Amino acid sequence: MRLTQQTGGDALFRRYDYEDGWVVAADVGVDDETISVDTVGDTAIVVIEGGDEPVESEFELPGSVDSVSVTNGVLTIEGER
């Protein structure tokens, strides 16, 4: 397993690489209902509603996506190699 970390604004992104897959996790620290995630190819688009204007971020993923979930303010995206 290889772990990569980076910070983006207030969120901490972690990427875990395994032989057969990968996981990207981000602690976005907001209510689950305010986050929407869309994936297009190997790009994730995250929109956080709230305040005056929605905040949109996008980032590259290491491959195709199998699942996306948000639990307790933590976004998790999983995929295969």
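Residues are numbered from 1 along each chain as its sequence is written, and side-chain values use heavy atoms, with hydrogens and water left out. Because the model is predicted, local features need pLDDT of at least 70 and side-chain atom pairs count only at pLDDT 80 or more, while totals for chains, interfaces and linings use all residues.

**Strands and their pairing**

The protein chain holds zero helices and eight strands, where helices (H or I, at least four residues) and strands (E, at least two) are DSSP runs numbered from the N terminus.

| Strands | Sense | Bridges | A bridge partner of Leu-75 |
|---|---|---|---|
| E3 (residues 21-27) and E8 (residues 74-80) | antiparallel | seven bridges | Ala-26 |
| E7 (residues 65-71) and E8 | antiparallel | six bridges | Val-70 |

In the hairpin of E7 and E8, two residues lie between the strands, and Asn-72 takes a positive phi near 55°.

A residue is called buried under 20% relative accessible area, exposed over 50%, and partly exposed in between (1.4 Å probe, protein chains only). Of the 81 residues of the protein chain, 28% count as buried. A nonpolar core is a set of buried Ala, Val, Leu, Ile, Met, Phe, Trp, Tyr and Cys residues joined through side-chain atoms within 4.5 Å, and the largest one here has 12 residues, among them Trp-22, Val-24, Ala-26, Val-46, Leu-75 and Ile-77. The elements that give two or more residues to this core are E3, strand E5 (43-48) and E8, and the largest share, three residues, comes from E3.

Val-46 belongs to this core, and, leaving aside residues up to four places away in sequence, Val-46 touches Ile-35, Ser-36, Val-37, Val-55, Glu-56, Ser-57, Phe-59 and Leu-75, a contact meaning heavy atoms within 4.5 Å.

Side chains of opposite charge can pair when their charged atoms come close. Arg-15 counts as partly exposed, at 28% relative accessibility, whereas Asp-17 is buried, with a relative accessible area of 8%.

Notes: Pairing = 2+ DSSP bridges.
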